[in-house]
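This briefing summarises the ligand surroundings and selected structural elements of one protein model. It is intended for a reader who has the coordinates at hand.

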Amino acid sequence: MTTLTIPDHLLALDARDPLASKRAEFHLPRGVVYLDGNSLGALPRRVPQRLARVTQGEWGEALIRSWTAGADAGQDWMALPDRVAAKVARLIGAAAHEVAVGDSTSVNTFKVLAAALGVAGPGRRVILTDADNFPTDLYVAQGLNALLGGTLELRRVPADDIEAHLGEDVAALLLTQVDYRTGRKLDLEAITALAQAKGIVTVWDLAHSAGAFPVDLSGAGADFAVGCGYKFLNGGPGAPAFLFAAERHHDAAPVAISGWMGHADPFEMARDFTPAPGARRFVAGTPMVLSLSALDEALDVFADVDLNALRAKSLSLTDTFIDLVEPLAARFPLTLVTPRDHARRGSQVSYRHPQAREVMADLIQAGIIGDYRTPDILRFGFTPLYHSHADVWQAARGVQAVLEARA
Ligand SMILES: Cc1ncc(COP(=O)(O)O)c(C=O)c1O
Ligand SMILES: Nc1ccccc1C(=O)C[C@H](N)C(=O)O
């Protein structure tokens, strides 16, 4: 990659960035501007040491004793999902006992959608969702409906039409807050209130929200939510996901995957399922200790981070990218699809381009790693913990160079 002279005003933004020191907490490969933290977050430097301790010490030496070792201090493996849940809770505006960590986002979507249907009012049989929702959300809803004998209707409408479809027949509203293609952010608080006023139970997918900006599920009075551990939480490939269940639903919501690790006392080996207190009841099976340990450690990077500063920086990064790329739209068939309105933007910037797939392949070749998404989307994810405005400059110049070379 060519070295470039970075404009002073961008260097000045980096010089007064309150999160600048966080970059050093990540391993970022040389020669690359990594704009894919919304798919797989970068490696926090503290994680490999933790994994070495867990494998060599806890697994290698203490072996099975690690399940209970340190239980009095809450440091046992059994309590690891709860410790991680508490760290996630702060990022999404939840109480620790409203969050469960483990399994994939897809599996957690199944769990909370089933729970939402279980607490929905009688006679309601529609799951309302965004037609462009991430595929796994749509597929899980389809699978759950099939399991229920096809008694439900999955109603898919454009995101802009959701409000008009909040009807008396809707049981659950399943929405992803930040669209994975366009980066458009929905007003979680307002939509939750509108839906609940119609007696609808809300399920939010926070895959592209958690760790990217502050989320306030409690403030919004949200019902259920899920999210990924490997994107902005930087928990590593296939990291455990999380789910949120508001406290008021704990008693009534069915636990669809009622496994022994969600039992109030797993080693009672009872014949019947008695749910553990709080959201822990949704932890179905044995905690994935290695991957939970990585996520636990990764979340400590957030411990001293002001989430409002995180949001401010994310917007500054995406504003900068939009401004720098804007002149290229006059010369090339590039169309911004991410809202300019801050309130409607997540932490990514996307463009349509008729040769998006080829353009992204060239960009990756040039060390600017973003994503292509069907049918014609170029997607650039910005992670306020480790990106600088200098990176944004580098990326925008890379886009220019690739487009010019192709012309
Ligand atoms: C909105 C959304 N939901 C869910 C997922 C993924 O779910 P899983 O981790 O189960 O593959 C992703 C990305 O993979 C996503 O973007
Ligand atoms: N989990 C993955 C595994 C392999 C490749 C990509 C992903 C992603 O996370 C994609 C992401 N959800 C997206 O918004 O496109």
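The model is predicted. Ligand 1 has 13 residues around it, and the protein buries 84% of the 390 Å² that this ligand exposes when taken alone. For ligand 2, the protein covers 60% of an accessible area of 370 Å².

**Ligand 1**

- Ser106, Asp205, His208, Tyr230 and Lys231 come nearest to ligand 1 among the 13 residues around it.
- The side chain of Asp205 places an N or O atom 2.7 Å from a nitrogen atom of ligand 1.
- Taken alone, ligand 1 exposes 390 Å², of which the protein buries 84%.
- Helices α4 (105-119) and α5 each contribute at least two residues to the shell around ligand 1.
- The shell of ligand 1 divides by class into 4 nonpolar, 6 polar and 3 charged residues.

**Ligand 2**

- The surroundings of ligand 2 consist of Ser39, Phe134, Tyr180, His208, Tyr230, Lys231, Arg373 and Arg379.
- In the side chain of Tyr230, an N or O atom is 3.0 Å from a nitrogen atom of ligand 2.
- Of the 370 Å² of accessible area that ligand 2 has on its own, the protein covers 60%.
- By class, 3 nonpolar, 2 polar and 3 charged residues form the shell around ligand 2.

**Annotated positions**

- An unreviewed UniProt entry lists, under "binding site", Thr105, Ser106, Phe134, Pro135, Thr136, Asp137, Thr176, Asp205, His208, Tyr230, Trp260 and Thr286.
- These listed positions span 182 residues of sequence and are also spread in space, with up to 30.5 Å between C-alpha atoms.
- Phe134 sits in the loop between β5 (126-130) and α5 (135-147); its relative accessibility is 35%, so Phe134 counts as partly exposed.
- Pro135 belongs to helix α5, and its relative accessible area of 24% makes Pro135 partly exposed as well.

**Helix α8**

- Helix α8 (residues 289-299) is largely enclosed by the rest of the structure, because 9 of its 11 residues are buried.
- The buried residues of α8 are Val289, Leu292, Ser293, Ala294, Leu295, Asp296, Glu297, Ala298 and Leu299.
- Cover for the buried residues of α8 includes β3 (43-44), α2 (46-62), α3 (80-92) and β4 (99-101).

- Leu4 lies in the segment before α1 (8-15) and is partly exposed, at 32% relative accessibility.
- Although Leu4 and Trp393 are 389 residues apart along the chain, their C-alpha atoms are separated by 8.7 Å.
- Apart from neighbours within four places in sequence, Leu4 is in contact with Trp393, Gln394 and Arg397.

Key: Residues numbered from 1 in each chain as written. Chains lettered and ligands numbered in written order. Predicted model: local features only at pLDDT ≥ 70, side-chain atom pairs only at ≥ 80, totals over all residues. Heavy atoms only, no water. Near = heavy atom within 4 Å. Polar contact = N/O pair within 3.5 Å; in protein donor to acceptor, adjacent residues only side chain to side chain. Areas by Shrake-Rupley, 256 points an atom, 1.4 Å probe, with all protein chains shown as cover. Nonpolar A, V, L, I, M, F, W, Y, C, P; charged D, E, K, R; others polar. UniProt positions renumbered as here; feature names shortened; annotations may be inferred. Helix = DSSP H or I, 4+ residues; strand = E, 2+ residues; numbered from the N terminus. Buried < 20%, exposed > 50% of the residue type's maximum accessible area, 1.4 Å probe, protein only. Contact = heavy atoms within 4.5 Å.
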